[in-house]
Amino acid sequence: MSAPAHTPDVLVIGAGVAGLACARDLLAAGLDVHVLEASDAVGGRMRSDRVEGFVVDRGFQVFNTSYPQIRRRLSLRELRLRPFTPGVLIHTGRGRLRFNDPTRRPRTLPDLLPGRLAGPRDLAALGALSARDLLAPVRLVKRSPDRTTRTALADAGFSEEFVERFFRPFLSGVFLEDELETSSRFFHLVWRSMLRGTLCLPAEGIGAVPRALAAALPAGTVRLETPVATLTDDGAVTADGAELAARAVVVATGPGPAAGLLPGLDLPAYRTVTTYYHVTDRSPLGEPTLLVDERRRFLNTVVLSDVVPPYAPAGSALVATSVLGGDDPGRERSVREALAEAYGASTGGWDLLTARTVPDALPAMPPPQPLSRTSRVSPARHVCGDHRATGSVQGALASGARAAREVLRDLRHAGR
């Protein structure tokens, strides 16, 4: 690979959503930017593959329409979004219970009647919590005292029974941890986003999101299959030895490569998740609804082809089920047994299409959790990603935007 004929202002290393957002904002400010991506496509952890005619996201993901960064950067119509049911099904020892947002589906209000999912105390606490998170200025949510989510739920008046029946199994799939030890500030922001937005998937898979971000960049901005081996005082050196100079470098890779390029970088622990993709000839549910397990034998399961029919060829259904940790021996069998009980259907004839383990799926976010951290590591060296903000698409995009602002500020200061 030959070096570029001129020196760009900024090298962005990594074409995940954080790096793409950073590049777009720097380009909008008039800078010359090159994005270097080690893989064969943009997206980082937000990738979709075709496997035997099925759309397989690299780990179960959802897309929230309420995120401010999403609304600023993308045309939701062009993504052809397909919504999940605004609620969740909970498999319990006394049958399947439904939790839906009654403001969106009034006919489901009887599901929340006392004695079904929750008692009067929990319903009152749920109404108060939701009203506050939905209507209060976001700055108040961000400035609220930070503690664990479990402590915040107890202080909000929820009974331990309701927390164990609903919040713990549901939020385990959101936070990728099952002790409710995540920052309460982040929980309130997530709850607010769910009340204000719609959880969806693009018709072509979650990978359509970074592809749309990349499509907004000038042709030639992103250089695929260009891994960076090391940073230098003047820029970076690629794996094939090419030296690339730039006035500033932004590392927008995953946590492992970021630590390699920036020794001593402060990184949080990351959560590992494995998603099993099973194929069957018909949907065991028949609706686009997330199903969780009160016993937490899995994080969540969903018939993806009920949400987005093109995820599966005609005559087939695609079921995605996520669990904490890796694909240990015998785990798929135990998951299949739990699914048979949760769906009330035989899973013996289901075929395992593939299993995807994501070792750095989400950063751990115990309190006190900063909602945003500076991108500046050293002069002309910056870093962005969800580990610099919150473990969400919003957090990754916001981190990229902050990195762009801080790079611009530094370059302007250096140019005086």
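Tutor: Two strands pair if DSSP finds at least two bridges between them. Strands (E, at least two residues) and helices (H or I, at least four) are DSSP runs, numbered from the N terminus. This model is predicted: local features need pLDDT of at least 70, side-chain atom pairs count only at pLDDT 80 or more, and totals for chains, interfaces and linings use all residues. Residues are numbered from 1 along each chain as its sequence is written, and side-chain values use heavy atoms, with hydrogens and water left out.

Student: What radius of gyration does the chain have?
Tutor: The chain holds 13 helices and 21 strands. Its C-alpha trace spans about 70 × 50 × 40 Å along the principal axes. The radius of gyration is taken over C-alpha atoms, and the globule rule is 2.2 Å times the number of residues to the power 0.38. For 416 residues a compact globule would come near 22 Å, and the chain agrees, with 22 Å.

Student: How much of the chain counts as buried?
Tutor: Buried means under 20% relative accessible area, exposed over 50%, and partly exposed in between (1.4 Å probe, protein chains only). Of the 416 residues, the buried share is 54%.

Student: Which strand has Val249 opposite Arg381?
Tutor: Start with S14 (residues 248-251), which runs parallel to strand S1 (residues 10-13). Four bridges join these two, and Leu11 has Val249 as its bridge partner. S14 also pairs in the parallel sense with residues 381-383, over three bridges. There, Val249 stands opposite Arg381, in S21.

Student: Which residues of S14 are buried on the two faces?
Tutor: In a regular strand the side chains alternate between the two faces of the sheet. Both faces of S14 are covered. One side has Ala248 and Val250, and the other has Val249 and Val251.

Student: Which are the edge strands of the open sheet of three strands?
Tutor: The order is S5-S9-S6, with antiparallel pairing. Two bridges join S5 to S9 (residues 199-202), where Asn64 stands opposite Leu199. An edge strand here pairs on one side only; that describes S5 (63-64) and S6 (81-83).

Student: Why is the pair Phe158 and Phe162 stacked?
Tutor: Rings of Phe, Tyr and Trp (its six-membered ring) pair if their centres lie within 6.5 Å; planes under 30 degrees apart count as stacked, over 60 as edge-to-face and the rest as tilted. The whole structure has 14 aromatic pairs. In this one the ring centres are 5.8 Å apart and the planes meet at 20°, so the pair is stacked.

Student: What is the angle between the planes of Phe162 and Phe167?
Tutor: Both residues are buried. Ring pairs link them into a cluster whose members include Phe99, Phe187 and Trp191. Phe162 and Phe167 lie 5.6 Å centre to centre, in an edge-to-face pair with planes at 90°.

Student: Which residues are the closest to the centre of the second largest pocket?
Tutor: A 1 Å grid over the protein atoms alone is used: a cavity is a set of points where a 1.4 Å probe fits but cannot get out, a pocket is an open set with protein on both sides within 12 Å along at least five of seven lines, and lining residues have an atom within 4 Å of a point. Points are joined across faces, edges and corners, and the volume is the space filled by probe spheres set on them; here that is about 540 Å³. Of the 23 lining residues, the closest to the centre are Pro68, Val138, Lys142, Leu189 and Gln394.

Student: Which helices give two or more residues to that lining?
Tutor: Each element named here contributes at least two residues. They are H2 (68-73), H5 (138-142), H8 (184-196) and H13 (393-414).

Student: What is the relative accessible area of Leu180?
Tutor: Leu180 lies in the loop between H7 and H8. Its phi is near 55°, a positive value in a residue other than glycine. Leu180 is buried, with a relative accessible area of 0%.

Student: What is omega for the cis peptide bond that joins Pro367 and Pro368?
Tutor: Pro368 sits in the loop between S19 and S20 (376-378). The bond from Pro367 to Pro368 is cis, with omega about -5°.
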